[in-house]
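Student: I have a new structure to look at, and I would like to learn how to read its features. Could we go through some together?

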Amino acid sequence: ILLMASIMVPWNVPALDRLDYTGTLSNSSFGPNYPESLVVKGLLQITRGQLQQALNTVDELISIAPNFKLAYLIRGDLLMAKSQQLEGFGNTPQNNSPSVEDFKAEARMRIERYLESHAPQGIPEPLWQIDPTQKYVIVVDADKSRLYLYQNIGGKPTYVADYYVTIGRNGSEKSSEGDKRTPLGVYTASSKLTSKLPDFYGRAAYPLSYPNEWDRQQGKKGHGIWLHGTPSNTYSRPPRASDGCVVISNPDLETLGPILQQGGTPFIIVSQLKWVTQAAPEQPQLQKALDQWRQDWQAQDTDRYLSHYSDRFFSQTSDINGWSREKRRIQSDKKPVSIVLSNISMIRYPNSQIPMAVVSFDQEFKSEFLDSRMRKRQYWIYEGQRWKILYEGAA
C-alpha cells in the first residue's frame, strides 16, 4: 500500500492523511461529480489502502470522462495491485517514459492544488483595480498549471472557480517564435474564433493579445497564442505540453464560454503568483499620479504634463522626443479643455524587472473644436521615486 501511495502520489503520505475527504469539497471547482474531484478522491483512497473504493471511484470517473487518460493509468495500476503484480507507476518499475512522467506531473499538480486550500485566500496580487464595467477577469498561474476566474462584484474581484490547464512544454516567458513557451503578461482574450479548427484545438479557441505593446517593444516574437480545448480523445494534457497556448479541458472551456464570448476579458499570465488580503501600497500612489497627469493636461501646463512621461516613453508612432514636440505644438494656444477619466483599471504587470502597471480608462476630451471619447491604455513604470508613463495609446 505504501508502495502504491509513493507511486501514485510523490509526496509524503502523512501530508495527505491530514485531509478528511467527505465526498464534497467546498471549492466550486471540486464538485462531487467533477472529474478533478474524483481524481483527488481516488488518489486519497489509494494512500489509505482503500484499493477497491479507489477502483470504484476511478470507474465512476471514466464513466463521466471516458477520454481521461490519467484515469486509465490509475485504473491499470489498481488492477495490477489487486493481483500483487504492481511494482511501479505505469505497471513496471523501470517505466519512466516521458508519457508516464507526464501523468505523474498531472497527478501532482491536481493534488497540490487540493492540498493548498479549498479556495484561494485573498486575491491575486496583480489585480490592483478592476474597471467596474468589466464583469470577469482571468489569472493564470503558469507554475501551478491553474486558471483562476474572478467576478467583479462591487469593484472587488471575487473568486468564482479555478481549473487545471496546460502551458508551453518549455515553460513560460515566451520571447521568440517557436520557443514553445507561454508568455507572461497582461493580455485580453478575444471572442471565440468562428472558423472551423482541427480537432487538436478542441471545441473552441480564444486568441490572446500576444504580443502586447510591451512585448513588441522588448523585441519579443511569435503569434497565435490562444486559450483552447483538447482533442476529442483527450480530457486533459500534461502540465507542460503545448506549443505556447493555454490549454484547458473541453468541459471547462464550455463553462467559460459565455464569459469569454463577449471578448475583451482581461487575461493575466503570472509566474510565482502571490495572494494578498489588502491593497498594494503602490496602487494609491499610482492613482494619485494618474489624476495629477489629468489635471496638468487639463490645465495645459505642458512642462508639468510632459514631466509625467519617462525618457523611455514610446507610442505606436513616436518616442519621447516626437511626443513632446507634438504636445507642445498642440498646447501652444492654451485653449481651455475638459478631461474626464472613468472606468479605470489598474493591473500590476507580472514578473517585470521594474515595478510596472497597465492602466486602462475611458477618456472624455472636450475643447472648443473637439469632443472625443476613447478607451485608452497606458503602461506606467516606477522610476526616480515616482510613477511615470512608459507607453500610451488607444486600447
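Student: Which residues in helix 4 meet residues in helix 5?

Tutor: Keep in mind that this is a predicted model. From helix 4, Leu51, Gln52, Ala54, Leu55, Val58, Asp59, Leu61 and Ile62 take part; their partners in helix 5 are Ala71, Tyr72, Ile74, Arg75, Leu78, Leu79, Ala81 and Lys82. Sorted by class, this contact has twelve nonpolar, one polar and three charged residues.

Student: At what angle do helix 4 and helix 5 pack?

Tutor: The angle is about 150 degrees between helix 4 (residues 51–64) and helix 5 (residues 69–82), and their axes are 10 Å apart. Angles over 145 degrees count as roughly antiparallel, so helix 4 is roughly antiparallel to helix 5. The crossing of helix 4 past helix 5 is left-handed.

Student: How do helix 3 and helix 4 pack?

Tutor: Read this pair by its angle and axis distance too: helix 3 and helix 4 pack at about 165 degrees, with axes 8 Å apart. That angle makes helix 3 roughly antiparallel to helix 4. Helix 3 also passes helix 4 in a left-handed crossing. Among the residues that meet are Leu38, Val39 and Ile46 in helix 3 and Ala54, Leu61 and Ile64 in helix 4. The contact of helix 3 with helix 4 divides into eight nonpolar, four polar and two charged residues.

Student: How many residues does the largest nonpolar core have, and which have the most contacts inside it?

Tutor: That core has 48 residues, and Leu147, Phe267 and Ile269 have the most contacts inside it. Strand 5 (residues 156–168) gives the most to this core, with five residues.

Student: What does Ile269 touch?

Tutor: Not counting residues up to four places away in sequence, the residues touched by Ile269 include Val140, Ala142, Leu184, Tyr187, Leu208, Val246 and Pro350.

Key. Residues are numbered from 1 along each chain as its sequence is written. This is a predicted model: local features need pLDDT of at least 70, side-chain atom pairs count only at pLDDT 80 or more; totals for chains, interfaces and linings use all residues. Side-chain values use heavy atoms; hydrogens and water are left out. Axes are lines fitted to C-alpha atoms, for helices over the stretch in contact, and angles run from 0 to 180 degrees between N-to-C directions. Helices (H or I, at least four residues) and strands (E, at least two) are DSSP runs, numbered from the N terminus. Angles under 35 degrees count as roughly parallel, over 145 as roughly antiparallel, 65 to 115 as roughly perpendicular and the rest as oblique. A crossing is left-handed if the near helix is turned anticlockwise from the far one by less than a right angle, and right-handed if clockwise. Contact means heavy atoms within 4.5 Å. Ala, Val, Leu, Ile, Met, Phe, Trp, Tyr, Cys and Pro count as nonpolar, Asp, Glu, Lys and Arg as charged, and the others, Gly among them, as polar. A nonpolar core is a set of buried Ala, Val, Leu, Ile, Met, Phe, Trp, Tyr and Cys residues joined through side-chain atoms within 4.5 Å. Buried means under 20% relative accessible area, exposed over 50%, partly exposed in between (1.4 Å probe, protein chains only).
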